[in-house]
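This report describes a domain interface and a ligand site. The structure is shown first, and the description follows.

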Amino acid sequence: MSLLENLKWRYATKKFDATKKVSEDDVNKIVEAARLAPTSSGLQQFRVIVVTNQELKEKIVPIAWGQQIVADCSHLLVFAAWDKYTAERIDDVFNATVAERQIPYEQVAAYVERLKSIYLNQSAEENFVHTARQAYIGFGLSIAQAAELKVDATPMEGFTSTDLDALLGLEAKGLKSVTMLPLGYRDAANDWLVNLKKVRVSTNDFVIEYR
Ligand SMILES: Cc1cc2nc3c(=O)[nH]c(=O)nc-3n(C[C@H](O)[C@H](O)[C@H](O)COP(=O)(O)O)c2cc1C
């Protein structure tokens with residue numbers, strides 16, 4: 001099936017079959033799609049946290065405004081972005097890049113300085129607006145990869161990020177949660193959304209052309 005067919009197949013699953021587990025191989029592919037995502041300046045400003053611990057998933061339910069999918073899913077992915085830019089974070093990426101490509105640092109030096117002059121002169125809040133956007137790119141690719149594998153997933157923003165960050169100890173890692181993606185297999189008999197038509201604006205309304 002094509003990517004488009006799989007995107008039509010997927011839906012924001014409302015009820016997971018808690019007895020069905022996604023294979024580690026499939027989870028790894030879904031995470032890998034996020035790792036391979038393009039990001040601004042290639043900085044990969046986000047990380048993916050994989051939660052399978054049942055007790056922890058249950059503690060997240062009230063943080064996710066009572067959404068039971070968090071407890072019933074097989075694997076819960078949390079997309080978390082850098083809380084701010086630092087010189088060290090930017091340096092780490094470019095030092096690794098020149099080492100892997102075996103190119104002289106001088107080739108990237110001016111670019112690195114330009115990035116630092118932009119981001120290090122912004123507030124942490126402004127930085128996070130930018131880093132969180134990068135997390136959404138990986139999030140989207142993971143959603144598509146899950147669909148390609150016929151793994152059900154629910155994109156989620158419905159949670160209190162500060163509470164989730166505290167529970168997962170993200171501040172100490174310099175991260176703030178952005179989105180969650182529970183993975184699993186639909187409980188079709190008990191999911192009110194499964195048979196409802198997918199609703200999207202028409203292509204005519206969606207595309208604005210300047211010919
Ligand atoms: C960023 C984002 C946040 C969302 N948050 C939630 C959520 O917290 N809970 C939920 O059940 N669905 C959530 N959704 C699912 C959307 O409501 C759903 O994707 C949308 O209505 C389109 O339907 P479809 O995904 O079934 O095609 C979210 C989707 C996105 C992309």
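Domain 1 and domain 2 bury about 750 Å² between them, with 53% of that on carbon and sulfur atoms; buried area is the accessible area (1.4 Å probe) that two parts lose on being put together, summed over both. On the side of domain 1, Ser41, Leu43 and Trp82 supply 60% of the area buried against domain 2, more than any other three residues.

The model is predicted: local features need pLDDT of at least 70 and side-chain atom pairs count only at pLDDT 80 or more, while totals for chains, interfaces and linings use all residues. Residues are numbered from 1 along each chain as its sequence is written, and side-chain values use heavy atoms, with hydrogens and water left out.

Domain 1 comprises 3-82 + 123-206 and domain 2 comprises 86-121, with bounds from an automatic or database domain assignment. Their C-alpha centres are 30 Å apart. Ten residues from domain 1 and eight residues from domain 2 take part in the contact (heavy atoms within 4.5 Å).

Between the domains there are zero salt bridges (a side-chain nitrogen of Lys or Arg within 4 Å of a carboxyl oxygen of Asp or Glu). Four residue pairs, both members at pLDDT 80 or more, are in polar contact across the interface (N or O atoms within 3.5 Å; within protein, one must be able to donate a hydrogen and the other to accept it, and residues adjacent in sequence count only if both atoms are side-chain atoms).

| Residue atom | Ligand atom | Distance |
|---|---|---|
| Pro155, polar backbone atom | nitrogen | 3.0 Å |
| Lys198, polar side-chain atom | oxygen | 2.4 Å |
| Arg200, side-chain N or O atom | oxygen | 2.8 Å |

The protein covers 65% of the 620 Å² of accessible area that the ligand has on its own (Shrake-Rupley method, 1.4 Å probe).
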